[in-house]
Structure formats: structure tokens, C-alpha cells
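Welcome, and please have your viewer ready. We will go from stop to stop, selecting a few pieces at a time and looking at what is there.

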Amino acid sequence: MDLTAWHREIASGRRRGPVASLARGLLRAASAPYGAVAAKVAREYDAGRRETFAAAVPVISVGNLTAGGTGKTPVTAHFANLLYRLGRRVAIVSRGYKPLPGDPAGRNDEALVLEALASHAVLIINRDRVAGATRAVEDFRADVVLLDDGFQHRRLRRDLDVVLLDATEPFGFDRLLPAGRLREPVTALRRADLAVITRAESVDEGVLADIRRRVAEIAPGLSTAAVAFEPSWASEEKPHGRIGAFCGLGNPDGFLATLQRLGVTPTVFEAFPDHHRYGPADLSRLVVLAERHRLDAWACTRKDAVKLDRTEPPFDRAPLAVVDQSVRFVDGAADTAAMLRFAISESRAHAA
């Protein structure tokens with residue numbers, strides 16, 4: 001079990017026993033200084049004691065309340081394509097967490113996926129998002145900036161603040177990192193303009209209603225929408241026979257659920273840490289698993305596939321099938337589109 005999976009088992013309370021209880025106690029103690037720093041930063045921004053910068057064009061932020069695994073990449077790409085269809089020159093500005101070795105542009109796996117899913121948008125990687133937004137306008141003539149993973153990055157002002165909540169784990173076990181999965185307290189939802197509940201296909205309507213009710217209690221009046229991820233095979237042919245699967249995601253259980261929706265029950269499943277870089281030892285392990293379980297094919301996400309050579313073992317004998325996901329609004333599509341249009345309209349300045 002990798003560290004991310006272990007942490008989820010401890011934080012959720014699913015793992016029991018004295019060792020798990022001790023681990024939970026230590027993690028909760030570590031959450032106190034993390035929470036103190038997060039609260040101090042929030043107070044300084046709220047009071048105007050930290051400087052913020054406005055871009056020359058509208059900025060739309062798409063981010064998370066929790067650490068990883070909400071489906072931010074496909075949602076960001078969906079928004080970028082929607083804005084392109086509205087006639088906008090879109091730039092996606094990203095911090096570029098864990099850039100891939102040797103990539104001259106400093107891109108990571110998510111950046112490569114964004115480039116594939118939103119090919120009309122310019123992608124700018126810069127740890128300084130203010131500088132990235134400035135470059136988007138001055139060098140690429142962008143007239144709207146999508147701030148990737150920007151909910152906690154308050155230094156750059158935004159015209160629309162979108163926060164994503166994973167329906168299968170929406171509130172990070174109600175504890176701050178590292179005791180839970182929250183990057184900041186749930187009350188931070190009050191500064192968002194729109195909460196989009198993702199992975200609606202993985203829960204029933206009653207769970208969605210409970211999440212909406214909780215959001216309304218935390219942030220009265222906050223607009224909500226819900227999206228489902230529609231999976232498909234990137235290649236024309238579905239893999240057959242004995243299929244192995246692996247992923248390096250913040251929420252590997254979500255990928256398992258996706259495979260089941262595609263009618264696949266993996267013979268073997270390997271979960272790696274989020275943003276995992278596959279090295280020789282990892283590939284050797286997959287070779288061993290393919291031989292041990294007599295696999296006919298492997299399946300992974302596009303986020304994993306962009307870091308792999310599909311001509312090398314084990315994929316030379318058990319071909320690699322790639323799963324893509326498109327975004328379908330379950331509800332709130334019209335309101336979301338209206339908010340996007342208003343954010344990029346000239347009238348937004350008069351309403352600010």
C-alpha cells in the first residue's frame with residue numbers, strides 16, 4: 001500500500017487498531033501548526049494586509065478544497081474548450097507541480113493531459129502565477145486566464161472562483177492536512193462563487209443531496225453544480241481477456257470505479273502515488289505481474305500514459321489501453337455557463 005492510500009485509510013478511520021489510533025493522534029497533532037499557518041494567511045488576505053494583483057484580463061480559477069483527486073484536469077479542460085467556443089483566446093496558467101524530468105517547458109503529467117484535452121488553449125507553467133498571467137496577456141495575447149489549481153493562490157485576483165468537491169470524498173474527512181485531506185477549513189467555501197460536485201456518477205442522488213445541504217450550511221447562497229465523468233477508451237478497441245490496471249492518482253478508487261463503468265474488472269490493480277514517475281523498478285514489477293497473472297492487456301489513465309513508452313515491456317506483450325474521461329453536467333450547466341459568460345463580460349467590472 002502506497003503512502004497516499006495508507007493516509008486515506010488512517011484519515012478516514014477505516015483502519016482500526018492501536019497502531020492506527022496512534023498514527024491518527026500524531027497526524028492530528030501535526031494539523032495544529034498547519035491550521036495555524038493557513039488561518040494566519042487567510043486573515044491577512046481577508047484584511048488586505050497581503051498584496052494582491054489584478055490581471056489585465058478576466059481570471060477564472062478552478063481549484064480544490066482538498067488535496068488531490070477531484071477531477072480538476074478534465075474540468076479545467078472543459079472550461080477552456082467552452083471559453084474557446086465563446087470566441088476567447090484562453091491561457092491556462094499552472095504552477096507545474098512535480099515537473100517531468102527533462103521536459104524543457106517544466107510540464108508535469110497533468111499539463112500534458114491539459115494540452116491534449118484543450119489543444120486550443122495556451123499552457124503556461126510558472127510557480128509565480130501573477131507572472132504567468134502577465135505573460136499570457138503580453139506574449140500570447142490571451143483575453144482570459146484559467147488559473148489551474150488556484151483556490152488557495154489568492155495573490156492573483158479572480159473574476160470567478162470555482163471550487164471542486166469530489167462526491168466520494170467531498171470534505172476531506174473534515175480535518176486539515178495531515179490528519180485529513182483538507183487544505184484549509186471548509187468555511188473557505190464562503191469565498192467561492194461556484195462549487196462543482198464531481199464524480200456524481202459514483203454516488204446516488206441522496207448523497208448528492210446531502211453534499212448540497214452541507215454546502216448550503218457552510219456557505220449559504222453558494223451556487224452549486226454537479227458533473228459526471230463519462231469514460232471511454234482512447235483507442236478504438238476495448239481491451240479483452242485478462243486485464244491489469246494501474247494508476248498514479250490522488251484517488252485511485254475513482255479509477256477502479258471508472259473501469260467498472262467500462263465493464264472491466266481488473267485481474268490485478270496497482271495504485272501508485274499521485275503524479276508518480278514510473279521508473280525501471282515500477283516497470284519491472286508490472287512485467288512480473290503480467291507474467292504471473294497471464295495478462296492480455298494493461299489499462300491506465302491518460303495522466304499515466306503520457307509518462308510511459310508503450311513500446312517497452314510490459315506493454316510490448318500486454319498492450320496498454322488508455323482511459324479518457326469527458327465531462328457531463330448532471331445539473332447546473334446553464335447556471336455555470338452564465339457565470340462564465342458574466343466573468344468574461346465587460347459588465348463584470350461594474351458589478352465588482
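**Before we start**

This is a predicted model, in which local features need pLDDT of at least 70, side-chain atom pairs count only at pLDDT 80 or more, and totals for chains, interfaces and linings use all residues. Residues are numbered from 1 along each chain as its sequence is written, and side-chain values use heavy atoms, with hydrogens and water left out.

**Stop 1: the sheet**

Begin by colouring the strands. Helices (H or I, at least four residues) and strands (E, at least two) are DSSP runs, numbered from the N terminus. You will find an open sheet of eleven strands with mixed pairing, in the order S3-S2-S4-S1-S5-S6-S7-S11-S10-S8-S9. Two strands pair if DSSP finds at least two bridges between them. At the edges are S3 (122-125) and S9 (268-272), each of which pairs on one side only. Neighbouring strands are turned by 25 degrees against each other on average, direction ignored.

**Stop 2: strand S11 and its two partners**

Now select S7 (residues 223-233) and S11 (residues 320-331), which pair in the antiparallel sense over eight bridges. Zoom in on Val227, which stands opposite Phe329 in S11, and then on Ala228, whose bridge partner in S11 is Arg328.

**Stop 3**

Then move to H8 (residues 280-292), lying across S8 (243-248), S9 and S10 and running at about 170 degrees to S9.

H5 (residues 129-140) comes next. Its twelve residues reach 15 Å from the first C-alpha to the last, close to the 16 Å expected at 1.5 Å a residue; the expected span is 1.5 Å times one less than the number of residues. Which residues of H5 are buried? They are Arg129, Val130, Gly132, Ala133 and Ala136, where buried means under 20% relative accessible area, exposed over 50%, and partly exposed in between (1.4 Å probe, protein chains only). These buried residues pack against S2, S3 and S4.

**Stop 4: the nonpolar cores**

Select Ile60, Val75, Phe79, Ile92 and Leu146, the residues with the most contacts inside the largest nonpolar core, which has 30 residues. A nonpolar core is a set of buried Ala, Val, Leu, Ile, Met, Phe, Trp, Tyr and Cys residues joined through side-chain atoms within 4.5 Å. H3 (residues 72-85) gives this core its largest share, six residues. Another core lies apart from it, with 22 residues, among them Leu165, Val186, Ile211 and Val215.

**Stop 5: Thr336**

Thr336 sits in H10 (residues 333-343) and is buried, at 2% relative accessibility. Not counting residues up to four places away in sequence, Thr336 touches Phe79, Leu194, Ala225 and Phe329; contact means heavy atoms within 4.5 Å.

**Stop 6: two cysteines**

A disulfide is a pair of cysteine sulfur atoms within 2.5 Å, and the structure holds zero of them. Cys247 is buried, at 0% relative accessible area, and Cys300 is buried with 0% too.

**Stop 7**

Finish in the loops. A cis peptide bond joins Leu177 and Pro178, with omega about -5 degrees; Pro178 lies in the loop between S5 (160-166) and S6 (194-198). The bond from Pro313 to Pro314 is also cis, with omega near 5 degrees, and Pro314 is in the loop between H9 (302-305) and S11.

Arg141, in the loop between H5 and S4, has a positive phi near 55 degrees and is exposed, at 55% relative accessible area. His275, found between S9 and H8, has a positive phi near 65 degrees but counts as buried, at 9% relative accessibility.

Methods: Axes fitted to C-alpha atoms, helices over the stretch in contact; angles between N-to-C directions.
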